[in-house]
Amino acid sequence: MTHEIAIIPGDGIGQEVTPAAIDVLDELDIDFDFVYGDAGDETKAETGEALPEETAAIAADADATLFGAAGETAADVILPLRSVVGSFANIRPARAYPALDGLQPETDLVFVRENTEGVYSGIENEITEGVRTLTRVITEDASEQIAEYGFQYAKRNGYDDVTIAHKANVMQETDGLFVEVAERVAEERGAEYDTTLMDALAMHLVMHPEDYGVVICPNLAGDMLSDLAAGLVGGLGLLPSANVGEENALFEPVHGSAPDIAGEGVANPTAMILSAAMMLDHLEYTEPAAQVRVAVESVLENGPHTPDLGGDATTEEMTAAIVDNL
Ligand code: NAI
Ligand code: MG
């Protein structure tokens, strides 16, 4: 069976790391049909729309989507794309690799982030000049769905520690509901868990990431805490992610378009290639997914490395080494 994969490179280093992931997928003995779509700042400049309808349709119809990054238009591209694929969960693993000089070599965390609401509800208003509001939406349904997914994920992937992150002491109604529902889900499943205030969690993650496994969190908290965890393991060039829906899914690095290095050919392709590995797992190519991870880990151990990891290799050189290892 041939899988149709939507490829949306986007802007900046999205254009550089997406071909790297394709090189890796091309090396596997799997029939993929790649369908390309445009989105992002350049597309907006050319067509007036950051996410043209054709691109959204490609993602909706494909078996899975690989997305690079968008720049300033990120919110107009990735939020609708996540919704086009019906994604309710954003899975962001943050793992330290022993050979890399990360701040916290014991880190092995997975953020299971609610992906549809919270402060990313998009409901913002100007009430009067100088006064603007944002509506933070938390629903029982979305909270239940993310908690279910988080506990299932922990069980399936062998994580003992599940933490529910929240700020219910202040946001009593919204996060009050989030925690209440997540605790109910845990109790129904007979699962062990902790609840932690998200600000304190930020500190504990920096000092003792080894105490944590799966972190189930509201939307913005997951966005911020996963970047924080990227800092613990060696930077954003390493963190992949999956946006999972009931049937469809979209895979993307956690990083953005990185305008500070875009065009130089030195972006770390790891995050994008590991996102492709998450896609392989999703499509039930478990063995090839594992092979890709082993190939990436070997290059993380032995080099060559891009400058963010202290090396002087280009994106293409690091990618070629990963492909050679397959
Ligand atoms: P960023 O993730 O693009 O970059 C942050 C820092 O990490 C930069 O110093 C960058 O050089 C470095 N970095 C990121 N990925 C790297 C890689 N693969 N290899 C080596 N170094 C890497 O975040 P920033 O700078 O906050 O945002 C830049 C643009 O990206 C903004 O326009 C923002 O809106 C957009 N953005 C888009 C996202 C998306 O499309 N999902 C997510 C985050 C930001
Ligand atoms: Mg982010």
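At 18% relative accessibility, K167 counts as buried, where buried means under 20% relative accessible area, exposed over 50% and partly exposed in between, with a 1.4 Å probe and protein chains only. The model is a predicted one, in which local features need pLDDT of at least 70 and side-chain atom pairs count only at pLDDT 80 or more, while totals for chains, interfaces and linings use all residues. Residues are numbered from 1 along each chain as its sequence is written, and side-chain values use heavy atoms, with hydrogens and water left out.

**Salt bridges**

The structure holds 11 salt bridges, a salt bridge being a side-chain nitrogen of Lys or Arg within 4 Å of a carboxyl oxygen of Asp or Glu. Three of these pairs are set out here.

| Pair | N to O distance |
|---|---|
| D199 and K167 | 2.6 Å |
| E140 and R184 | 3.3 Å |
| D223 and R113 | 3.8 Å |

In the pair D223 and R113, bridged at 3.8 Å, D223 belongs to helix α8 (residues 219–233) and R113 to strand β5 (residues 108–114), 110 residues apart; helices (H or I, at least four residues) and strands (E, at least two) are DSSP runs, numbered from the N terminus. R113 is buried, at 1% relative accessibility.

E140 and R184, bridged at 3.3 Å, lie in helix α5 (residues 140–156) and helix α6 (residues 174–189) respectively, so the pair ties together parts that are 44 residues apart in sequence. E140 is partly exposed at 38%, and R184 is partly exposed at 30%.

The side chains of K167 and D199 meet at 2.6 Å, K167 being in the loop between β8 and α6 and D199 in helix α7, 32 residues apart. D199 is partly exposed, with a relative accessible area of 44%. Salt bridges that share partners join E140, E144, R184 and E188 into one network.

**Surface patches**

M203, V206 and M207 make a nonpolar surface patch of about 270 Å², patches being made of residues with over 30% relative accessible area and no salt bridge, with like charges joined within 9 Å and nonpolar side chains (Val, Leu, Ile, Met, Phe, Trp, Tyr) within 5 Å. M203 is placed in helix α7 (residues 198–207) and is partly exposed at 45%.

**A buried strand residue**

T163, in strand β8 (residues 162–166), is buried, with a relative accessible area of 2%. Leaving aside neighbours within four places in sequence, T163 is in contact (heavy atoms within 4.5 Å) with D194, T196, Y212, V214, V215 and I216.

Key. Chains lettered and ligands numbered in written order. Areas by Shrake-Rupley, 256 points an atom, 1.4 Å probe, with all protein chains shown as cover.
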